[in-house]
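Subject: Structure for you to look at

Hello,

Here is the structure I promised to pass on. Please open it beside this message and follow along as you read.

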Amino acid sequence: MLSNKQKDVDATLNKLDKKFSDRREKHLGYPYNLDFDPTPISQFHKFLINNLGDPYVGSHYATEVCDLEREVVDWTMRVWECADPEEYWGTVGASGTEGNLWAIYLARETLNNPILIHSSEAHYSLPKAAKILRIEALRCGADHSGSISPDALSEVVHANRHRAIILALTCGTTMKGAHDDIASCIRILDQVGIDPNRRFVHVDGALNAMVLPFVDGLQSGIRPSFRHGVDSMSTSGHKMIGTPMPCGILVVRRDHVRRVSSAVSYLRSDDTTLMGSRNGHAVLAIWNRLMRLGIAGFRNNARACIERAEGFAAALRSVGVPVLLNPWSLTVVFPKPSERLVNEYQLACNGDSAHAIVMPNVKADLIERFVDDYTAEWRCNSQKRVFS
Ligand SMILES: *Cc1c(COP(=O)(O)O)cnc(C)c1O
């Protein structure tokens, strides 16, 4: 017999399950790939999987998957074109935010009293990291498309040419899905005379660092690649990869990690990560996705999503809606609709604009339904505008 208390708990859980199932079907606003099958990894829910300590060292705790974590990192290093994987280090962490924070920390420990430069379109976790780490942060302008403005960057770098510089670039900005031109930005650092030992370049690729490597004909400057001479790059696991929990991957040049590493005998490991205990279920979830989809799966997803995003934008434009869709981007930006539609489709908004992100689970029927609802409202409003 279940006690009343247990019945209440079950009822609450069942209600949640129903709510989540309903809401998942109409989700458009956040870059989450909800198209994953949790079955292969659900058998592990009975274990406490903890990748304690450094991913390359492991710990005394045996229920861990550090070997799979290293496979995840190796796979990602290949996708991000690390010339010699031995010279890089990587980890699976709690989120894209943790990756950003840890990268900026490693940068601060590498450089002498650096400043952080990021664009006005950078994710809020970057100024937050600067605040936590007590680094002076400078915001530099972006152009209309949302990428960092080379002129504005040049000016800020020049004005700070006697300082060490951490430059945080974005591959797929949060609101506009824009790509900073990594190659041009590094060229600006070179031109001003900020040489590699006085700079640290981090690429925040939360969404599109798992999209752009898989498309054809990409403009080479925006490719999320270590070949440009970047120091670190991060992505989120629950965005393009598709995991049932928030998580992320960070890859950094190994030299930068060596500097902060200290041995902890209690763990039988090195202390090289922000978190001591680390979520092994997230590692399993990412590993399962990468191995199952493979490069071919990611290529298919990237191509299909970009195509659907282009169709989405074209459908809105055909009735006169002004739309921004950056090349190779999945983020469709348009004027903010009514609160009703914002809530119904869980749209992310910024001022007068809103965006929808075409992830693998956002299929033609959902896009069609949204476009119908949106354009009905749009026509109605433009009539009001004409007749009032
Ligand atoms: C989502 C996002 C982040 C944060 O990632 P989380 O995994 O949600 O912490 C950072 N940067 C950009 C550009 C993002 O879109």
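A few ground rules come first. This is a predicted model, in which local features need pLDDT of at least 70 and side-chain atom pairs count only at pLDDT 80 or more, while totals for chains, interfaces and linings use all residues. Residues are numbered from 1 along each chain as its sequence is written, and side-chain values use heavy atoms, with hydrogens and water left out.

Let us begin with strand S6, residues 232–236. (Helices, H or I with at least four residues, and strands, E with at least two, are DSSP runs numbered from the N terminus.) Five of the five residues of S6 are buried; buried means under 20% relative accessible area, exposed means over 50%, and partly exposed lies in between, with a 1.4 Å probe and protein chains only. In a regular strand the side chains alternate between the two faces of the sheet. In S6, Ser232, Ser234 and Ser236 point one way, and Met233 and Thr235 point the other way.

Which strands pair with S6? Two strands pair if DSSP finds at least two bridges between them. Strand S5 (residues 199–204) runs parallel to S6, with three bridges, and histidine 202 stands opposite serine 232. Strand S7 (residues 248–253) pairs with S6 in the antiparallel sense over five bridges, and there valine 251 is the bridge partner of methionine 233.

Now find strand S12, residues 353–357. Four of its five residues are buried, so S12 is largely enclosed by the rest of the structure. Strand S10 (residues 331–335) is joined to S12 by five bridges and runs antiparallel to it; valine 332 has alanine 356 as its bridge partner. Strand S11 (residues 348–350) also pairs with S12 in the antiparallel sense, over three bridges, and asparagine 350 stands opposite serine 353. The hairpin of S11 and S12 has two residues between the strands, and glycine 351 takes a positive phi near 60 degrees there.

Next come the salt bridges. How many does the structure hold? There are 14, each one a side-chain nitrogen of Lys or Arg within 4 Å of a carboxyl oxygen of Asp or Glu. Here are some to find:

- Arginine 163 forms a salt bridge with glutamate 136, and their closest N and O atoms are 3.4 Å apart. Arginine 163 lies in the loop between helix H6 (150–159) and strand S4 (165–170) and glutamate 136 in strand S3 (residues 136–140), so the pair ties together parts that are 27 residues apart in sequence.
- Aspartate 231 forms a salt bridge with arginine 253, with 3.8 Å between the closest N and O atoms. This pair links distant parts of the chain, 22 residues apart: aspartate 231 is in the loop between S5 and S6, and arginine 253 is in strand S7. Aspartate 231 is buried at 8% relative accessible area, whereas arginine 253 is partly exposed at 23%.
- Glutamate 339 and lysine 336 meet in a salt bridge at 3.9 Å, N to O.
- Lys26, Arg340 and Glu344 are linked in a network of salt bridges.

Last, have a look at helix H3 (residues 66–79), where you will find aspartate 74. Is this residue buried or partly exposed? Aspartate 74 counts as partly exposed because its relative accessibility is 35%.

Enjoy exploring, and write back with any questions!

Best wishes
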